[in-house]
Every structure is written in structure tokens, then in C-alpha cells.
Amino acid sequence: MNLLFRILVTSILVMVISYFFPSIAHVDGLNSAIIVAIVLGLLNVFVKPIFVLFTFPLTVFTLGLFLLVINAAIIALCAKLVDGFKVDGFFGALFFSIILSLSQSLVYKLSGESK
């Protein structure tokens with residue numbers, strides 16, 4: 001049930017962010033948003049740890065700020081994989097990832113969900 005809640009929250013947040021920032025991200029509909037949430041979850045589980053491992057010295061050198069670049073790369077990769085999801089460039093992916101992370105944290109904190 002926890003996984004379904006997280007997928008639902010992420011898909012709704014993806015739609016809300018794309019609604020309020022149409023020049024940065026575009027989602028075709030709820031089905032595309034659900035697919036984006038699932039693909040983002042899979043990329044965060046399987047691909048992101050590999051990126052973090054290979055860029056660990058750079059992440060330490062930048063005091064963790066390079067993790068924002070990794071998050072933006074994951075969003076851009078998701079936009080390439082999912083047909084109904086588009087992000088406008090690297091800075092659009094960076095902004096989208098920051099807004100998505102902050103809004104997910106807020107929703108999970110308000111709902112009492114923990115990681």
C-alpha cells in the first residue's frame with residue numbers, strides 16, 4: 001500500500017508541476033504521469049546508485065551539490081524514456097527535480113509517511 005501511495009503522490013505532483021510550469025515540463029495526461037512516477041522510481045532504484053558511485057569524488061568535492069545534477073540527469077533520462085513526458089533542457093530538469101523533491105517531502109511529512 002505504501003508503494004501505491006507513493007506512485008499516486010508522485011504522479012499527481014508531476015501533473016501539478018507541469019500544470020503550473022508548462023514552459024519547463026509537459027505531461028500528456030494521468031496515464032503518462034503514472035508511467036513517469038513508475039519510471040522515476042525504477043531509475044532511482046537501479047540507475048541513480050551507479051551514478052552516485054561513479055561521481056562520489058566530485059560529490060564530496062562539491063559538498064553534495066553534484067547530487068542535484070544527478071537528479072536532473074535522472075529526470076532528463078525519464079523524459080527520454082517516457083513518450084508523454086517532456087522537460088525543457090537541463091535547467092528545466094534541474095528545476096523540475098528540485099520542485100518535485102521538495103513537494104514530495106512536504107506531502108510525505110504532512111501525511112505521516114516515512115521513508
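**Exercise 1. Check the span of helix H1 in this predicted model.**

Solution. Start with the count: H1 has 19 residues. At 1.5 Å a residue, 27 Å is expected. From first C-alpha to last, H1 reaches 27 Å, close to that value.

**Exercise 2. List the buried residues of H1 and state what they pack against.**

Solution. Buried means under 20% relative accessible area. In H1 this gives Arg6, Val9, Thr10, Ser11, Leu13, Val14, Ile17 and Ser18. Their packing partners are E1, H2, E2 and H6. Beyond its neighbours within four places in sequence, Val14 contacts Val27, Ala33, Val36, Phe85, Phe96 and Leu100.

**Exercise 3. Repeat the span check for H6, then look at what follows the helix.**

Solution. H6 covers residues 89–111. Its 23 residues should span 33 Å at 1.5 Å a residue. The end C-alpha atoms lie 32 Å apart, which agrees. Gly112 comes after H6 and has a positive phi, near 85°.

**Exercise 4. Classify the packing of H1 on H6: what are the angle, the orientation and the handedness?**

Solution. The two axes come within 10 Å and cross at roughly 135°. Angles over 145 degrees would count as roughly antiparallel, and 65 to 115 as roughly perpendicular. H1 and H6 are therefore oblique to each other. The crossing is right-handed. On the H1 side, the contact is made by Phe5, Arg6, Val9, Thr10, Leu13, Val14 and Ile17. H6 supplies Phe96, Ile99, Leu100, Ser103, Gln104, Val107, Tyr108 and Ser111.

**Exercise 5. Is Ala93 buried or exposed, and which residues touch it?**

Solution. Other buried residues of H6 include Gly92, Leu94, Phe96, Ser97 and Leu100. The cover over the buried residues of H6 includes H1, E1, H2, H5 and E2. Next, the contacts. Leaving out residues up to four places away in sequence, Ala93 touches Ala72, Ile75, Ala76 and Val87. Ile75 is 18 residues away along the chain, yet the two C-alpha atoms are separated by 5.8 Å.

**Exercise 6. Describe the largest nonpolar core: which residues touch the most other members?**

Solution. The core has 25 residues. Val14, Ile75, Cys78, Phe85, Phe96 and Leu100 touch the most other members. The elements giving two or more residues are H1, strand E1 (25–27), helix H2 (30–46), helix H5 (66–81), strand E2 (85–87) and H6. In soluble globular proteins, nonpolar side chains tend to be buried together.

How values were computed
Residues are numbered from 1 along each chain as its sequence is written. This is a predicted model: local features need pLDDT of at least 70, side-chain atom pairs count only at pLDDT 80 or more; totals for chains, interfaces and linings use all residues. Side-chain values use heavy atoms; hydrogens and water are left out. Helices (H or I, at least four residues) and strands (E, at least two) are DSSP runs, numbered from the N terminus. Contact means heavy atoms within 4.5 Å. A nonpolar core is a set of buried Ala, Val, Leu, Ile, Met, Phe, Trp, Tyr and Cys residues joined through side-chain atoms within 4.5 Å. Buried means under 20% relative accessible area, exposed over 50%, partly exposed in between (1.4 Å probe, protein chains only). The expected span of a helix is 1.5 Å times one less than its number of residues. Axes are lines fitted to C-alpha atoms, for helices over the stretch in contact, and angles run from 0 to 180 degrees between N-to-C directions. Angles under 35 degrees count as roughly parallel, over 145 as roughly antiparallel, 65 to 115 as roughly perpendicular and the rest as oblique. A crossing is left-handed if the near helix is turned anticlockwise from the far one by less than a right angle, and right-handed if clockwise.
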